[in-house]
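New notebook page. I'm opening the structure and jotting down what I look up as I go.

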Amino acid sequence: MPGLLLGDVVPNFEAETTNGTISLHEFLGDSWGILFSHPRDYTPVCTTELGRAAKLCPEFTKRNVKMIALSIDTVEDHHGWSKDILAYNNDETVTEFPFPIIADYKRELAVELGMLDPVEKDQTGMPLTARCVFIIGPDKKLKLSLLYPATTGRNFDEILRVIDSLQLTAHNRVATPVDWKPGDRVMVPPNIPEEEAKCMFPAGVYTKELPSGRKYLRYTPQP
């Protein structure tokens with residue numbers, strides 16, 4: 001099956017972008033990365049998404065995350081569209097688009113990475129790219145993927161939230177519970193014995209009592 005699975009090394013492809021030819025791994029360097037695809041240039045939902053992504057670019061930069069988009073149009077179209085995207089934001093202080101957009105007009109990368117939407121098609125009957133989100137770790141492995149249909153715009157606040165969780169749990173033996181936000185308490189994984197947990201988390205481990213009597217809901221302040 002085409003596409004990527006969690007833990008796979010993301011292919012080190014070369015592509016034409018609005019910033020020239022790039023090699024993905026070289027572009028990312030030691031940073032985290034987010035690669036996200038869009039069905040088409042000059043379309044309404046995609047414009048709102050890239051506008052939001054551009055506005056949040058400083059937040060991604062704070063987290064050492066490099067952004068790169070993909071759409072099945074030419075570099076020339078991307079450059080023209082990016083002006084519309086900046087105008088959508090009504091921010092006259094930004095004159096240059098803050099991250100590259102890949103020109104995948106032959107759909108080669110979209111096929112290789114499993115990004116095509118089998119339902120949504122263009123006027124010629126060709127499938128459009130879905131709204132994929134691939135979050136890539138510094139080791140170039142896929143850490144998280146999201147796949148939205150062309151008709152549903154993404155929530156970039158949620159994408160920032162999951163990056164915060166991924167980065168926290170990459171460096172600490174904890175898990176983040178439902179609706180977690182930075183600063184909330186975190187969970188102690190079941191594979192850490194009780195005595196070891198007491199040593200690992202000096203701020204304390206708190207267990208929620210359950211009818212089963214099993215002590216698997218264990219919390220600790222965020223490290």
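**Ground rules.** I'm working with a predicted model, where local features need pLDDT of at least 70, side-chain atom pairs count only at pLDDT 80 or more, and totals for chains, interfaces and linings use all residues. Residues are numbered from 1 along each chain as its sequence is written, and side-chain values use heavy atoms, with hydrogens and water left out.

**Domains.** I looked up the domain assignment, whose bounds come from an automatic or database source. I found domain 1 at 8-154 and domain 2 at 172-222. Their centres, taken over C-alpha atoms, are 36 Å apart.

**Helix H4.** Helices here are DSSP runs (H or I, at least four residues), strands are E runs of at least two, and both are numbered from the N terminus. Then I asked which residues of H4 are buried. Buried means under 20% relative accessible area, exposed over 50%, and partly exposed in between (1.4 Å probe, protein chains only). I noted Val75, His78, Trp81, Ser82, Ile85 and Leu86 as buried. Their cover includes strands E1 (14-17), E4 (65-71) and E5 (101-103), plus helix H2 (44-55). Just after H4, I spotted Asn90 with a positive phi of about 55°.

UniProt, in an unreviewed entry, puts an "active site" at Cys46. I remind myself that UniProt positions are given in the numbering used here, that feature names are shortened, and that annotations may be inferred rather than shown by experiment. Cys46 sits in helix H2 and is buried, with a relative accessible area of 0%. What does Cys46 contact, leaving aside neighbours within four places in sequence? With contact meaning heavy atoms within 4.5 Å, I get His38, Pro39, Arg40, Trp81 and Arg131.

**Rings.** I searched the whole structure and got three aromatic pairs. Rings of Phe, Tyr and Trp (its six-membered ring) pair if their centres lie within 6.5 Å; planes under 30 degrees apart are stacked, over 60 edge-to-face, the rest tilted. Phe36 and Phe156 have ring centres 5.6 Å apart and planes at 75°, so I logged them as edge-to-face. Phe36 is in strand E3 (residues 32-38) and Phe156 in helix H6 (residues 156-171), 120 residues apart.
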